[in-house]
Amino acid sequence: MINLYALTDAQLRDLLVELGEKPFRAQQIRDWIYGQRIERLDDMRNLPRATIGKLTAVAELGELKLAAQQVSRDGTIKRVYELRDGQLIESVLMPYADGRMTACISSQAGCAMGCVFCATGQMGFSRNLTSAEIFEQAMRFARELAARGQRLSNVVFMGMGEPFHNYEATLAAVHLLMRRLGIGARHITISTVGLAPQIRRFADEGLQVKLAVSLHKSDDAQRSKLLPINRRWDIAALLDACRYYCARANRRISFEWAAIAGENDTIEEARRLGRLLQDINCHVNIIPLNPTGDYTGIPADARNIEAFQVALRSFGVGSTVRVRRGIDIAAGCGQLKTALLLPSARAGSTIRAMPKEAMPQP
Ligand code: SAH
Ligand code: SF4
């Protein structure tokens, strides 16, 4: 079957002509699938039944198969999708009390970067996703939200995989999110483990898409132990690329810091980090570690994190602690897939409405 989401405008037109239809039907169909965000081709009300019949015989809306879903008490939805070749990937939807709806999507099945505390890294790498597979994860949430009169507002590339290790498909997916779903560049964030050449290339794209860099440690020997890619591009090389990005894109950059007790939550570490970042237009996002299978570290406690933030502030470096989402349903990326393979998670398919007061503040 042909996946309509994977077709360019020209390819959709060609398909219709092949089916003996008028080319102008392509625009009508695009309006239905991306404008109205229908879930079934049958819902295209102003198209002749015969046209819909011909289309349904050869094409479908999307190629991801829902394999498992869990809904957290805070409204966070975690999903596992099965791809056509049987690979499993995860997507997450996070509703916020201010109305924002953020999708967290995967760029690869598995990951080759091997970060020791990351569930995806512990699984190893299977393959790159296509731009259509990346895009559809957001599209699925967008169309289910549309059915309830809501809108997908933000997308973050913080699911499984390293987006800059699959650079072309990631960038193509970003363009689809902007063009087809009308999500503004400023509402899209790419998170990278620190592939310096791709950070420079991304700076040259001239997009207003936000960039987050996973730093987690302020000295090379220890960062290399947690994030093996640091042996290829060390902190100096990484921060040079980040400076280039800030200057070229004229944007602030975010650094992610998975706070691990006794590992990277001390005052000395904060001072070393402050010195490294004081000349960079940046912000630090602190994420208390989510425990994962093979890694024995535990999350830093709130008091240490507060002292860490004060020390950072003295270098003029601002930080925030990211609200942990879905803590009752295995919050860390990669954990739901692990659970499925084990096997535990149960499949379900509806987005449950939740009371406003239960939603976390942004
Ligand atoms: N590969 C990209 C994006 C996906 S990971 C990257 O590494 O940036 C998204 C974020 O989650 C990264 O900052 C990553 O370091 C962080 N992360 C991974 N495992 C984690 C864990 N167990 N606890 C907290 N954060 C984690
Ligand atoms: Fe890959 Fe990011 Fe996990 Fe590292 S933290 S293994 S780069 S997904």
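This report walks through a predicted model of one protein chain and its two ligands.

## How to read the model

Residues are numbered from 1 along each chain as its sequence is written, while chains are lettered from A and ligands numbered from 1 in the order in which they are written. Because the model is predicted, local features need pLDDT of at least 70 and side-chain atom pairs count only at pLDDT 80 or more, whereas totals for chains, interfaces and linings use all residues; side-chain values use heavy atoms, with hydrogens and water left out.

## The overall picture

Let us begin with the whole chain. The protein chain holds 12 helices and 14 strands (helices are DSSP runs of H or I with at least four residues, strands are runs of E with at least two, and both are numbered from the N terminus). The chain has a radius of gyration of 21 Å, close to the 21 Å that the globule rule gives for 362 residues, so it is as compact as a globular protein of that length. Here the radius is taken over C-alpha atoms, and the rule is 2.2 Å times the number of residues to the power 0.38.

Along the principal axes, the C-alpha atoms of the chain fill a box of roughly 70 × 45 × 35 Å. Of the 362 residues, 55% are buried. Buried means under 20% relative accessible area, exposed means over 50%, and partly exposed lies in between, with a 1.4 Å probe and protein chains only.

## Around ligand 1

Ligand 1 has 17 residues around it, and G161, S191, S214, H216 and N290 come nearest. A residue counts as near a molecule or strand if one of its heavy atoms lies within 4 Å of it. By class, this shell has 7 nonpolar, 8 polar and 2 charged residues. In this scheme Ala, Val, Leu, Ile, Met, Phe, Trp, Tyr, Cys and Pro are nonpolar, Asp, Glu, Lys and Arg are charged, and the others, Gly among them, are polar. Two strands, β10 (188-192) and β12 (253-259), each supply at least two residues of the shell.

Which side chains bring a polar atom to an oxygen atom of ligand 1? Among them is S191, with an N or O atom in its side chain 2.7 Å from a ligand oxygen. For S214, a polar side-chain atom lies 2.6 Å from an oxygen atom of ligand 1, and an N or O atom in the side chain of H216 is also 2.6 Å from a ligand oxygen. Taken alone, ligand 1 exposes 530 Å², and the protein buries 91% of that. These areas come from the Shrake-Rupley method with a 1.4 Å probe; for residues, only the protein chains shown count as cover.

H216 counts as buried because its relative accessible area is 6%.

N250 has a positive phi too, of about 55°, although it is not a glycine. Its place is the loop between α9 (235-249) and β12. Is N250 buried or exposed, and why? N250 is exposed because its relative accessible area is 68%.

## Around ligand 2, and the cysteines

The residues around ligand 2 are C111, M113, G114, C115, C118, G121, G161, E162 and V193. They divide into 5 nonpolar, 3 polar and 1 charged.

How many disulfides does a search of the whole structure find? The search finds 0, a disulfide being a pair of cysteine sulfur atoms within 2.5 Å. C242 is in no disulfide, and the nearest cysteine sulfur, that of C246, is 6.8 Å away. C242 is buried, with a relative accessible area of 0%, and C104 also counts as buried, at 7%.

## A few residues in helices and strands

T51 belongs to helix α3 (residues 49-58). Its side chain makes a polar contact with the side chain of E21 at 3.1 Å. Such a contact is a pair of N or O atoms within 3.5 Å; within protein, one must be able to donate a hydrogen and the other to accept it, and residues adjacent in sequence count only if both atoms are side-chain atoms. T51 counts as buried because its relative accessibility is 4%.

A196 lies in helix α7 (residues 196-204) and counts as buried at 4% relative accessibility. N154, in strand β9 (residues 154-157), is buried with a relative accessible area of 11%.
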